[in-house]
Amino acid sequence: MHCRRVRSFLSAYCRGELEGKQARAIADHMANCPACRGEEASVRDLFKLAEELPSTPVSADFNSRLLNRIAEARHQETRTKAYLPKSVPVFTVNRVAPVLAVVCFALAFVFAGGLGNFQGHDDPLMALGEAALDDSYLTVQPVNEHWAFQKQLNRATRIQDLMGRIMGQSSFNSFAGQTDWIQSRRPMIPVPVFIMPSTGSQHFMVPAQPETLLIREVNADS
Amino acid sequence: MDKETEKHQDHELIRRVQNGDMVAFNDITDRYKDRLMNVVYRMLNSQQEAEDIVQETFLRVYQHRQSFDFRHCFSTWIYTIALNLARNELRKRKRFKFFDIFDMKGSETEIAVEMVMPTNLPQVLDRAIEGLPEKYKLAFLLRDVQELPYEEVAKVMNIPLGTVKSRVNRARSILRDKLKPRREESNALSKGTLLPVSLL
């Protein structure tokens, strides 16, 4: 073995960290090499000095100060735990979904006017709603004047002829004239005559305009 | 006491600490406080800071006592905590240069007087160790000063076994070279021959 290689293993050799063949080879070289024996002595001195290194002990009150620090850390830990919950409430989907569903249903019910069904007519929204269910069926609705007018006219003519034949009265001729007047005027819808029971007078309901009616009293003598 | 016996005793103590036995914790403190102080002080070169680091180490051991893994050595665990804290302190120092006045040992005259006394070899070695690069210093301290097995040093430093052996070998070689002139002076003085003062 060469000196350079031996010296690279010297510290392990001196520590007893080499085994078998390698240790024997180094021992054999040492026996024949004074320079390497000198190096071995310096390595052994180094290890001896390492054992004699001055130690740096801790202070005398080290243990008591350490226990005080541990007690303080435990106190801080228990204080923190007293004010914080053990676990933060977790909002899982299973918990949130039913709540959300109920809230959405309630909102939909409100915005669809569900609550209005249980309210009185003082509610302006309900008043507007009620306006749709009004008494408009009691008023005269505008009709197709041409078809309805002709139909009514034909009916009135038939009634006139029938009554003329029955009564044989000329007074109805004035009615015919009135009928002509009716025809020449604005389109009006003559409706069947009805007789007031108290006065016995006959009445025509003649619309002055398509949207309205004028009740015109026609006496049998006029 | 051999390593296996020491390992079993450590495990028994930490088990008792996990069950709330503060006497066992006191025993562990007495066992390891000086060992940790020796290593941490030589890394930081400050008595006060080294003691703070060692106290912080034991505090963390207590706080995390329930998480100790009994498959490993307790000594490996506690050394790892202490050295990580020491490394953090060194990193902090690199950003902010702190000078501890209590660590400045006297004036230049006193240092010069110290230098002419070559027989104080342990102190010379101490100073030589201080001048080593950190990776070699730590490997040497754990292996040759604390006498931890190579495998444990590898776990504490988190490096391969071969790298540990290489670093330890390199540290020994550097220290041997630095000690050589001191040893020659010491031998010459013992023979009665005066030699000029030489610096490390």
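Is Phe68(B) buried or exposed, and what is its relative accessible area? Phe68(B) is buried, with a relative accessible area of 7%; the cut-off for buried is under 20%. Keep in mind as you read that this is a predicted model. Here are some points to follow with the structure open.

1. **The layout of chain A.** Start with the overall plan. Chain A contains nine helices and three strands.

2. Of the 222 residues in chain A, 22% are buried. The accessible surface of this chain is about 16300 Å², and carbon and sulfur atoms account for 60% of that surface. If you look at contacts between residues at least 6 apart in the sequence of chain A, 39% of them join residues at least 24 apart.

3. **Where the two chains meet.** Now bring in chain B. The contact draws on 32 residues from chain A and 39 residues from chain B. Together the two chains bury about 3300 Å², with 56% of this area on carbon and sulfur atoms. On the chain A side, Leu46(A), Thr56(A) and Arg69(A) lose the most area to chain B, and together they make up 19% of what that side buries.

4. **Charges across the interface.** Six salt bridges are found across the interface of chain A and chain B. One that you can look up is between Glu39(A) and Arg176(B), whose closest N and O atoms are 3.2 Å apart.

5. **An aromatic pair between chains.** A pair of aromatic rings is described by the distance of the centres and the angle of the planes. Over all chains there are seven aromatic pairs.

6. **Charges over rings.** Which ring does Arg15(A) lie over? Arg15(A) is over the face of Phe47(A), 4.3 Å from the ring centre. In chain B, the charged end of Arg65(B) sits over the ring of Tyr62(B), at 4.1 Å from its centre.

7. **Two asparagines worth a look.** Most residues other than glycine have a negative phi. Asn45(B), however, has a positive phi, near 60°, and lies in the loop between helix H2 (22–44) and H3 of chain B. Asn45(B) counts as partly exposed because its relative accessibility is 27%. Asn158(B) also has a positive phi near 60°. You will find Asn158(B) in the loop between helix H8 (150–157) and helix H9 (161–190) of chain B. With a relative accessible area of 70%, Asn158(B) is exposed, since the cut-off for exposed is over 50%.

Note on methods:
Residues are numbered from 1 along each chain as its sequence is written. Chains are lettered from A and ligands numbered from 1 in the order in which they are written. This is a predicted model: local features need pLDDT of at least 70, side-chain atom pairs count only at pLDDT 80 or more; totals for chains, interfaces and linings use all residues. Side-chain values use heavy atoms; hydrogens and water are left out. Helices (H or I, at least four residues) and strands (E, at least two) are DSSP runs, numbered from the N terminus. Buried means under 20% relative accessible area, exposed over 50%, partly exposed in between (1.4 Å probe, protein chains only). Contact means heavy atoms within 4.5 Å. Accessible areas come from the Shrake-Rupley method with a 1.4 Å probe; for residues, only the protein chains shown count as cover. Rings of Phe, Tyr and Trp (its six-membered ring) pair if their centres lie within 6.5 Å; planes under 30 degrees apart count as stacked, over 60 as edge-to-face and the rest as tilted. A charge sits over a ring if NZ of Lys or CZ of Arg is within 6 Å of the ring centre and within 35 degrees of the ring normal. Buried area is the accessible area (1.4 Å probe) that two parts lose on being put together, summed over both. A salt bridge is a side-chain nitrogen of Lys or Arg within 4 Å of a carboxyl oxygen of Asp or Glu.
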